Amino acid sequence: MKNYLYIFLIAMVPLIELRGAIPVAYAIHTANPDFSILWSYIIIALGNMLPVPFIYFFARKVLEWGKDVKVKFFSRFCLWCLEKGEKGGQKLQAKAGRGLYWALVLFVGIPLPGTGAWTGTLAASFLDMDFKKSVLAVIGGVALASVIVGVVCALGFGAIFGIN
């Protein structure tokens, strides 16, 4: 049970998200074959999606408040997040046009640092996208990213450790 909690928490960490949790799950499975990869995927998806409503409704407000705080490190971090969210949203809008929701699915689904559920949800809130459609797009992106990362891990760990 401790390992499932561990991967759940890793999946909730910004920038790491499922891209870090899935390889950890495969590594745990290698050491302990009783550790279920299927359950770990479900738990990782839940951990990755849990922050999404909070990010959509509150992150922008907290970041805008935080950029004016007198603690330099915190205000710089908030400003960096706001700039990243706005740039991500603008790029997504420019490239997608009318296919914005599919672009959000692909943006979240491409497993690169900074393109996960956190950034995608923040971009959706900056673009004032519909909450329900945004969540569905992020869920689709998380599913796509988990398949891509899972295949890479299965092939990589399979080659290294002989996982079938």
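Author: We'll take salt bridges, then a helix pair, then one serine. Keep in mind that this is a predicted model.

Reader: How many salt bridges in the whole structure?

Author: The search finds three. Arg60 pairs with Glu64, at 3.5 Å from N to O. Arg60 also forms a salt bridge with Asp128, where the closest N and O atoms are 3.8 Å apart. Those shared partners put Arg60, Glu64 and Asp128 in one network.

Reader: Where do Arg60 and Asp128 sit in the chain?

Author: Arg60 is in helix α4, and Asp128 is in the loop between α7 and α8. They are 68 residues apart, so the pair links distant parts of the chain.

Reader: And how far apart are Arg60 and Glu64 in helix α4?

Author: Four residues, so about one helical turn separates them.

Reader: Is Asp128 buried or exposed?

Author: Exposed, at 63% relative accessible area. Arg60 is partly exposed at 27%. Glu64 is partly exposed too, at 34%.

Reader: What does Glu17 pair with?

Author: Arg19, with the closest N and O atoms 4.0 Å apart. Both Glu17 and Arg19 are buried.

Reader: New topic. What's the angle between α5 and α6?

Author: About 125°, with the axes 9 Å apart. The two helices are therefore oblique to each other. Their crossing is right-handed.

Reader: Which residues make the contact?

Author: Leu92, Gln93 and Ala96 from α5, and Leu100, Ala103, Leu104 and Phe107 from α6. By class, that is six nonpolar, one polar and no charged residues.

Reader: Last one. Ser75, buried or exposed?

Author: Buried, because its relative accessibility is 13% and the cut-off is under 20%. Ser75 is in helix α5. Beyond its neighbours within four places in sequence, Ser75 contacts Gly66, Lys67 and Val69.

Technical notes
Residues are numbered from 1 along each chain as its sequence is written. This is a predicted model: local features need pLDDT of at least 70, side-chain atom pairs count only at pLDDT 80 or more; totals for chains, interfaces and linings use all residues. Side-chain values use heavy atoms; hydrogens and water are left out. Axes are lines fitted to C-alpha atoms, for helices over the stretch in contact, and angles run from 0 to 180 degrees between N-to-C directions. Angles under 35 degrees count as roughly parallel, over 145 as roughly antiparallel, 65 to 115 as roughly perpendicular and the rest as oblique. A crossing is left-handed if the near helix is turned anticlockwise from the far one by less than a right angle, and right-handed if clockwise. Contact means heavy atoms within 4.5 Å. Ala, Val, Leu, Ile, Met, Phe, Trp, Tyr, Cys and Pro count as nonpolar, Asp, Glu, Lys and Arg as charged, and the others, Gly among them, as polar. Buried means under 20% relative accessible area, exposed over 50%, partly exposed in between (1.4 Å probe, protein chains only). A salt bridge is a side-chain nitrogen of Lys or Arg within 4 Å of a carboxyl oxygen of Asp or Glu.
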